[in-house]
Amino acid sequence: MGVYWRKELEIGVVEIDRQHQSLVESFNSFLLACRNGKGSSELLDLLKFLDGYVLQHFHAEEAIQKASLYPEYESHRLQHLGFVKKIQGLRELLTSNEPPQINHLIATNTVLLDWFIKHISGSDSHFGRYLLEVGYVADSGLQ
């Protein structure tokens with residue numbers, strides 16, 4: 001089982017769509033590692049990726065929301081902050097003395113799957129429809 005990128009998830013902004021695809025690819029790599037009994041060794045790499053991802057991706061997405069006058073900007077931003085807290089919580093579960101345990105792997109899978117289903121498939125898709133409705137073009141702002 002894996003999570004796969006599909007065209008319906010695109011919001012129409014190349015930079016954002018590529019970042020979403022990158023997240024899906026990283027999550028799939030982690031799922032494959034878990035399936036092959038190597039999830040513990042891959043968990044720290046995934047969390048390191050997520051640390052950088054949330055900074056870059058959320059900044060880019062929120063900048064577009066502001067530029068396009070997205071009416072649900074504040075709600076969307078709060079979802080981003082909630083995800084950042086969840087990632088911090090996952091990191092706090094880990095101790096430097098012992099390798100990640102099965103509960104860490106399950107918690108990470110749950111957080112990422114929930115984010116994929118609710119946020120990318122839901123909130124971000126809604127944002128993409130808004131951009132289409134208002135005729136937003138990423139390079140030049142509103143037409």
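Tutor: Buried means under 20% relative accessible area, exposed means over 50%, and partly exposed is in between (1.4 Å probe, protein chains only). This is a predicted model: local features need pLDDT of at least 70, side-chain atom pairs count only at pLDDT 80 or more, and totals for chains, interfaces and linings use all residues. Residues are numbered from 1 along each chain as its sequence is written, and side-chain values use heavy atoms, with hydrogens and water left out.

Student: Is K66 buried or exposed?

Tutor: K66 sits in helix α2; helices are DSSP runs of H or I, at least four residues, and strands are runs of E, at least two, numbered from the N terminus. Its relative accessibility is 54%. On that value, K66 counts as exposed.

Student: How far apart in space are K66 and F49, C-alpha to C-alpha?

Tutor: F49 is in helix α2 (residues 39-67), and K66 lies in that helix too. The two are 17 residues apart in sequence. Their C-alpha separation is 26 Å.

Student: Which residues does F49 touch, not counting those up to four places away in sequence?

Tutor: F49 counts as partly exposed because its relative accessibility is 25%. The C-alpha atoms of F49 and S26 are separated by 8.1 Å, although these residues are 23 apart along the chain. With contact taken as heavy atoms within 4.5 Å, F49 touches S22, L23 and S26.

Student: Which side chain joins H80 in a polar contact?

Tutor: H80 is in helix α3 (residues 73-93), and it counts as buried because its relative accessibility is 1%. Beyond four places in sequence, H80 is in contact with F58, E61, E62, W115 and H119. A polar contact is a pair of N or O atoms within 3.5 Å; within protein, one must be able to donate a hydrogen and the other to accept it, and residues adjacent in sequence count only if both atoms are side-chain atoms. At 2.8 Å, the partner of H80 is E61.

Student: F58 and W115 form an aromatic pair; what is the angle between the planes?

Tutor: Rings of Phe, Tyr and Trp (its six-membered ring) pair if their centres lie within 6.5 Å; planes under 30 degrees apart are stacked, over 60 edge-to-face, the rest tilted. The whole structure holds six aromatic pairs. The F58 and W115 pair is tilted, with 5.8 Å centre to centre and an angle of 55°.

Student: How many residues apart in sequence are the parts that F58 and W115 tie together?

Tutor: F58 lies in helix α2 and W115 in helix α4. F58 is buried at 5% relative accessibility, and W115 is buried at 8%. The pair therefore ties together parts separated in sequence by 57 residues.

Student: Why is the pair of F83 and W115 classed as it is?

Tutor: The ring centres are 4.2 Å apart and the planes lie at 25°, so the pair is stacked. This pair links distant parts of the chain, F83 in helix α3 and W115 in helix α4, 32 residues apart. F83 is buried, with a relative accessible area of 1%. The class of the pair rests on the plane angle, 25°.

Student: Which element gives the most residues to the lining of the largest cavity?

Tutor: On a 1 Å grid over the protein atoms alone, a cavity is a set of points where a 1.4 Å probe fits but cannot get out, and a pocket is an open set with protein on both sides within 12 Å along at least five of seven lines; lining residues have an atom within 4 Å of a point. V3, L23, V24, F27, L112, W115, F116 and I120 line the largest cavity. Two or more of these come from each of α1 (14-35) and α4. With four residues, the top contributor is α4.

Student: How many residues does helix α4 give to the lining of the largest pocket?

Tutor: The lining of the largest pocket includes E8, G12, S125, R129 and Y136. Helix α4 (residues 102-134) gives the most. Its share is five residues.

Student: Near what value is phi of L69?

Tutor: L69 lies in the loop between α2 and α3, and it counts as exposed at 64% relative accessibility. Most residues other than glycine have a negative phi. L69 has a positive phi, near 55°.
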